[in-house]
Amino acid sequence: MRLLIVGTLKGQLTTATKIAMDNGASVTHAEAAEQAMNVLRGGKGADLLLVDVGLDIRDLVMRLEAEHIHVPIVACGISNDARAAVAAIHAGAKEYIPLPPDPELIAAVLAAVANDARDLIYRDEAMGRVIKLAQQIAGSDASVMITGESGTGKEVLARYVHSRSARAKRPFISINCAAIPEHLLESELFGHEKGAFTGAVARRIGKFEEATGGTLLLDEISEMDVRLQSKLLRAIQERVIDRVGGTKPVPVDIRIIATSNRNLSEAVREGTFREDLLFRLNVVNLKIPPLRDRSADILELAQHFAKKYAEANGLPVRPISTEARRVLTANRWQGNVRELENTIHRSVLMAQGDEIGPDAILTPDGDRLDLAKTAPAVAHATLAAEQVTRALVGRTVADVERDLILETLKHCLGNRTHAANILGISIRTLRNKLNEYADGGIPITPAGNGAPDYQRMANAG
């Protein structure tokens, strides 16, 4: 946890610093907004800004946004004036803390930002095998690829690997490759020099340099542009980077962990992902199974989230009833752990009585989870569409066209005219295609419904 304290409330902020450090945070100070920006540009980074409410918080927020620096702000001040707190929130602060600081309040804020709830909660053997492999390779510097559906906990596992590595006391830096526009991602990763492009008002250290000595997580790397992938490959191979607009390479010392919810082997075949980069990243693959395939984890996680959100909302911790457990384990959880967490959060808020019952296990729309079933026809159509899509991926247009023509002809019992009408092509085009397939040795459905057998006609010339 990296805390940047901005302001000049010397005595009060010194106390806040001590409390933060007692809670495991590393603390950096800046007296004003420009100094804070220099700290952030310089690669030290921060997970949280604790800012004196007397400073222009709105201006600081605008500076951060202009340079695409994403870090939450908590305002603090010696006044209990509600107007000051409201003004700070309106300006962009996430929270307001009165000074002198309350140790428990500071600790709670730091815990919320550090998100201590990222603990790995599991019981199922399928997840246990993944964790065992993660433990075996955590101490190495090998690159790791973590794959799995959205919401399975890929970033949680990445942090777990980092926390058990020799780099655990060094930075863990994460960047979502899918969330940043292509033209900005290069600068975010490798940094830039002042004047390198419009808006580059000062030198900015990128994530590679910020993570030096620690771990860099490239989240959803499959969304990275192929052109940028080549620069990433060089950085991994040679352990040097080039800032945008820079004139000399910069050495870096990091471990790379990447995540993807897509099949990268398919992406390689499609030409959207470099094969050599995949080999570099995929030294070890940690494949997280979807929640529906590790049923023992569902109740374990549900109990964890029920306790977490009860405490967060000042509510009593209620056990999950037997019937509610049945509802939870029967659900498919297409959104995996993320969906389960949101569902349990709702249930904690909606539950009445001494237990969380099935009436509190609701969809976002407020329907009971076990009663909000997809209509059979819609479910069947969705499944059929998914099957068709999977059947098409990786095939050429010519192959798909051939199968469509032959299947349509078969459906029409060999009637060429009917098939041509359904396909929306002329009978001449259909005949030419069938000739081509016949010459290639592909069986053709004989003509039916009194129509001449085209194959015999073709053979007769």
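V74 is found in strand 4, residues 73–77. Helices (H or I, at least four residues) and strands (E, at least two) are DSSP runs, numbered from the N terminus. What you are looking at is a predicted model, in which local features need pLDDT of at least 70, side-chain atom pairs count only at pLDDT 80 or more, and totals for chains, interfaces and linings use all residues. Residues are numbered from 1 along each chain as its sequence is written, and side-chain values use heavy atoms, with hydrogens and water left out.

Let's stay with V74 for a moment. At 3% relative accessibility, V74 counts as buried; buried means under 20% relative accessible area, exposed over 50%, and partly exposed in between (1.4 Å probe, protein chains only). What does V74 touch? Leaving aside residues up to four places away in sequence, V74 touches L48, L49, L50, V51, E95, I97 and V109, where contact means heavy atoms within 4.5 Å. V74 and I57 are 17 residues apart in sequence, and their C-alpha atoms lie 9.8 Å apart in space.

Now step back to the whole chain. The protein chain has 20 helices and 12 strands, and 43% of its 461 residues count as buried. Among contacts with a separation of 6 or more, 68% are between residues 24 or more positions apart.

Next, go to strand 3, residues 48–52, where you will find D52. The UniProt annotation "modified residue: 4-aspartylphosphate", from an unreviewed entry, covers D52. UniProt positions are given in the numbering used here, feature names are shortened, and annotations may be inferred rather than shown by experiment. Is D52 buried or exposed? D52 is buried, with a relative accessible area of 9%. The D52 side chain reaches the backbone nitrogen of G54 at 2.8 Å. This is a polar contact: a pair of N or O atoms within 3.5 Å, where within protein one must be able to donate a hydrogen and the other to accept it, and residues adjacent in sequence count only if both atoms are side-chain atoms.

The structure holds two cavities of 30 Å³ or more. On a 1 Å grid over the protein atoms alone, a cavity is a set of points where a 1.4 Å probe fits but cannot get out, and lining residues have an atom within 4 Å of a point. Grid points are joined across faces, edges and corners, and a volume is the space filled by probe spheres set on the points. The largest cavity holds about 50 Å³ of space, and its lining is made of L3, L48, L50, I97, I106, V109 and L110. Helix 5 supplies the largest share of that lining, three residues. By class, the lining has seven nonpolar, no polar and no charged residues. Here Ala, Val, Leu, Ile, Met, Phe, Trp, Tyr, Cys and Pro count as nonpolar, Asp, Glu, Lys and Arg as charged, and the others, Gly among them, as polar. The second largest cavity has about 30 Å³ of space, and its lining has seven nonpolar, no polar and one charged residues.

In helix 2 (residues 33–41), A33, A36, M37, V39, L40 and R41 are buried. These buried residues pack against strand 1 (2–6), strand 2 (26–30) and helix 3 (57–66). Just after helix 2, G43 takes a positive phi of about 100°. Helix 8 (residues 182–190) is mostly covered, with seven of its nine residues buried. Just after helix 8, G191 has a positive phi of about 80°.

Most residues other than glycine have a negative phi. R239 has a positive phi of about 60° although it is not a glycine. R239 sits in the loop between helix 10 and strand 9 and is partly exposed, with a relative accessible area of 30%. N336, also not a glycine, has a positive phi of about 60°. N336 is found in helix 15 (residues 336–350) and, at 0% relative accessibility, counts as buried.

Our last stop is H162, in helix 7 (residues 154–163). H162 is buried, with a relative accessible area of 7%. The H162 side chain reaches the backbone oxygen of R170 at 3.2 Å.

Technical notes. 1 Å grid on protein atoms, 1.4 Å probe; cavity = no way out; pocket = protein on both sides within 12 Å on 5 of 7 lines; lining within 4 Å.
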